[in-house]
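Please look over the sequence and the model below.

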Amino acid sequence: MQNLLFVFLLTLPLGLMAQKKQQPKNEGQKNISTPFQTRLQAFETRKRLQAESVVGNVPLQNIAPTIMSGRVVDVAVNENDPSAFLVAYASSGLWLTTSNGSTFVPLFDNQAVMTIGDIAATWQPQPSLQPKTIWVGTGESNSSRSSYAGAGVYKSSDGGKTWENKGLAETQHISRIILHPTDSNTLWVAAIGHLYSSNPERGVFKTTDGGKTWEKTLFIDDQTGVIDLALDPQNPEVLYAAAWQRSRQAWNFEEAGKKSGLYKSNDGGKSWQKLVEPLSKGFPDSEGVGRIGIAISHQNSNVLYAFLDNQEKRSQTETIAQKVGFEKDERAALKIQKNALETMKNADFLQFSDEDINDFLDAYRFPIQYTAETIREKIQTNQIAPKALADFLKNANDDLFNTPIKGCEVYRSDDAGLNWYKTHEGYIDDLIYTYGYYFGSIAISPLDENKIYILGVPILASSDGGKTWENINGDNVHVDHHILWVSPKREGHLILGNDGGINISYNNGKNWFKCNTIPVSQFYTVNVDMAEPFNVYGGMQDNGVWYAPHTYNYSTAWQQEGKYPYQNLMGGDGMQVQIDTRDNNLVYTGYQFGNYFRINKATGETKYITPTSILGQKPFRFNWQAPILLSRHNQDVLYLGSNCFHRSLDKGEHFETLSSDLTQGGKEGDVPYGTLTSISESPLKFGYLYVGSDDGLLHFSKDMGYTWERVSDNLPAEVRKLNLWVSRVEASHHALGRVYVSLNGYRYDHFESYLFVSEDFGKTWQRLGVEEPFDKYGNALPAEPINVVKEDPHNENILYVGTDHSLYLSLDRGKNFMGVSTTLPDVAVHDLAIQARDKKLVVATHGRSLWLLDLQYIESLTPALLEKPLHFYTLQNQTFSKKWGSKASWWQGENQPQMELVVWSNEAKKATIIIKKETEILYQFDTELEKGLNFIPYHFQVQAQQAETSKAHKGENGNFYLSPFYTNVEGKSEQYRIEIATAQNRAEQVFELFAPQEAPSRRKQKKTP
């Protein structure tokens, strides 16, 4: 099915799909960014909600995947032994390997944030492979859709065991940390500042006291930060900084400007000069200067290279087909050029032949009803102008690849920045396209100043100082590259970080191997089917759509078996998934900006189903994650959202557009905006529908989408005016008029939590998660943007909420919340799916893959049970094994039986566990009950003094175990009682212990004479 997509669609990052017209200045509302003090309080609240949760002991299992990995932003390598290195992920924290990538351990899971922009480290002397001092600059520097805000600089002096925040919290996004080579108290930090709002905490910062105090030594303005920083390896007084003027809003990204450029310091970063005339010559200084990466030769520090994302337009005579080392774009040979249609007159268009027109229609895959004949007639009768053909094709993906900017350019200086020249002729196309803001790394071999590498969608290498380039993005290597370490000691040894994890090469990129053994995938979405066992499906950042049985446990056995448990359905950035559960084979899914397909897993048949506008009308606007939904009432009915609401009654074969624009109309900019983001249908009534938009609107329909009522007007005025992103609408399973909605301010750097419920179809709203002070079973939600809310299908009082930092649960319909688990790292939770039949919750994280939570005990927490001081849950019957307490062989682990005793306690208290047969006590032990659900292991032990009378089984380890032979030598089964006793209360349960089934005998029984 991968052949369906162009290769480039498999490489799309979580980036801005730019429609590069004249870029409007970023207009927008008042700066409502959340100050760090509020975020710090939210972190403290989060930890309290986790620590005091009554469900914190419920097991939460990670179910991978690992092979697809997630976005790597930096590595720090022990150059004395490169089998030890640190890996920083955009949203997955910091990990250490001392085994050349075969295994990793996490080091940064319990801080205020997990997002990282850059790291720096020193290492213990050999033979130790452990880091000594680690500096972490939090906040990813790639300006992406899920580049989360950091909390400043952290330092560990014990190899990552403990951490101390060293300030610069308001920078939010740190791009580089440089350590002084001889003075451990001196370091420099480059920061690009807030992503969606202006702020002065950006530029270059220097400390000379180990981070106690900082001095901002380079500052340009509130929208220009520093994206890269390099230190002269031979003179620590000389530094180079790359300033980047950029500002982003939900509808527009300005990724270049006159204030971008290169700066140099000759006094250890105390003062800076911009490398422009008359000080320096040759490097561009224009409005098109975008992100810049810097590299300095270790052999000769006068030699510098700079990777520039040049956003200047190409001249009229330069087409996108003029490339360096890549094939010509077939569309460039068409007689009719799309860009020319923007201003073409009707008469000029009619001069083209039918063959020219059909060639154009074929090349751009117009629907079959449009032919040269029908187009010519529409233009002759003035129904449309030629511009309508260009408008019809407007979509974020196409504009991404066909906008004629200069793109990647590599510059070199041989005199420490005084003079610069471009290393290559022509253009280096198909490297960063128009989204160079996502890339910018350049590396030089420490062994050869002419061997350089540039990182974009592929990774390119040059051995002649950048004159010519070779693609080394070989087999087993993902795309979208962000960091490359080049060994200073071994020629050809490379460690590469990209959107698909870590790759290592020992022959300069001819061959690579993956180091993806940890679950750090960045999921956007998740869903489940009704198979036995049920499957989980998920769409991931730049890693497509995959599915697997939910029973998956991490193992490397697939490498020998030849089949990975997770199977790929779709490339690109994986989006929402809907499954026809009547046979679990028909799947609806797709990639970014509303490109959806219907896939039959059994036959492999795939069909593109996205609705298109009518020629002459404005094209639909699709969100990056356009919403789709199969009706649970009739799974032939599929709903899909652009800026309008679309419905298909025949599995996506045909769509009707049932609404006008359900948004505020969009805004001019280079990001699709004014789009639908969420669709929900009442589980209780067919055709009762809700939709939400990225600009704060909510609509309700009770006639299958034919008419709509705008119910967001009923939200509180102070919330309504913020135009917050509707991250989720959730119609209730339990009350027809009840609906939940979450609003998200991430795209304004506004990190409050907004959750509302309506009991009357949106006529009135009540805000949830704001209760204070700390309640018996929960508290207010912390100030964290909410991505998803789900109502439990069996217990109407239970809500699950996923935020940018954790997963929360409410037992009282949203008044108060608690953390769900201390097992789950503080990672962004993007989506949730509940398998109601099996009572399982699947948690999709954007950085730590998928997790599985058993809901059977959580769903039992009704108001009546919560009032009980002690409740002992029913025990499962067990089957005895003669292998208990023995080993299969000397080198295998011991067979240790275990059952879990699940107990609810309304407060922390001491308890005694007593195992009985009738009145005889066979075993007892003391335990500490926590407030909430407790899972107490019992290993079927019997006290030695009761072993003989109870006919206990003696294991090879000398321990005694319950047996099914207490009263009956034949041993069909025995019933045992377990009591839990506290100072005030007592509860008990019974279970049966069955004898194992005997294998049928081969021998005939002797007849009795």
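What follows is a short report on selected features of this structure.

## Basis of the model

This is a predicted model: local features need pLDDT of at least 70, side-chain atom pairs count only at pLDDT 80 or more, and totals for chains, interfaces and linings use all residues. Residues are numbered from 1 along each chain as its sequence is written, and side-chain values use heavy atoms, with hydrogens and water left out.

Helices (H or I, at least four residues) and strands (E, at least two) are DSSP runs, numbered from the N terminus.

## A helix pair

Two packed helices are described by the angle between their axes and the distance between the axes. Helix H3 (residues 354-363) packs against helix H4 (residues 372-380) at an angle of about 105°, and their axes are 9 Å apart. Axes are lines fitted to C-alpha atoms, for helices over the stretch in contact; angles run from 0 to 180 degrees between N-to-C directions. H3 and H4 are therefore roughly perpendicular to each other. The classes are: under 35 degrees roughly parallel, over 145 roughly antiparallel, 65 to 115 roughly perpendicular, and the rest oblique.

H3 makes the contact (heavy atoms within 4.5 Å) with Asp354, Ile357, Asn358 and Leu361, while H4 uses Ala372, Ile375 and Arg376. By class, that contact has four nonpolar, one polar and two charged residues. Here Ala, Val, Leu, Ile, Met, Phe, Trp, Tyr, Cys and Pro count as nonpolar, Asp, Glu, Lys and Arg as charged, and the others, Gly among them, as polar.

## Cavities

The whole structure holds seven cavities of 30 Å³ or more. A cavity is a set of points, on a 1 Å grid over the protein atoms alone, where a 1.4 Å probe fits but cannot get out; lining residues have an atom within 4 Å of a point. Grid points are joined across faces, edges and corners, and a volume is the space filled by probe spheres set on the points.

S48 gives the largest share, four residues. The lining divides into twelve nonpolar, ten polar and six charged residues.

## Two open sheets

Strands of a sheet pair through backbone hydrogen bonds, either parallel or antiparallel. Two strands pair if DSSP finds at least two bridges between them. Strand S42 (residues 645-648) pairs with S43 over two bridges. Arg647 stands opposite Glu656 in S43.

Another open sheet runs S1-S58-S57-S56, four strands with antiparallel pairing. Strand S1 (60-62) and strand S56 (829-835) each have a single partner strand, so one side of each lacks a neighbour in the sheet. Neighbouring strands here are turned by 25° against each other on average, direction ignored. S1 pairs with strand S58 (residues 850-854) over three bridges. Asn62 stands opposite Trp851 in S58.

## Backbone exceptions

Most residues other than glycine have a negative phi, and most peptide bonds are trans. The bond from Ala64 to Pro65 is cis, with omega near 0°. Pro65 lies in the loop between S1 and strand S2 (72-77). Glu532 and Pro533 are also joined by a cis peptide bond, with omega about -10°. Pro533 sits in the loop between strand S32 (523-528) and strand S33 (535-540).

Asp480 has a positive phi, near 65°. Asp480 belongs to the loop between strand S27 (470-471) and strand S28 (481-486).

Note on methods. On a 1 Å grid over the protein atoms alone, a cavity is a set of points where a 1.4 Å probe fits but cannot get out, and a pocket is an open set with protein on both sides within 12 Å along at least five of seven lines; lining residues have an atom within 4 Å of a point.
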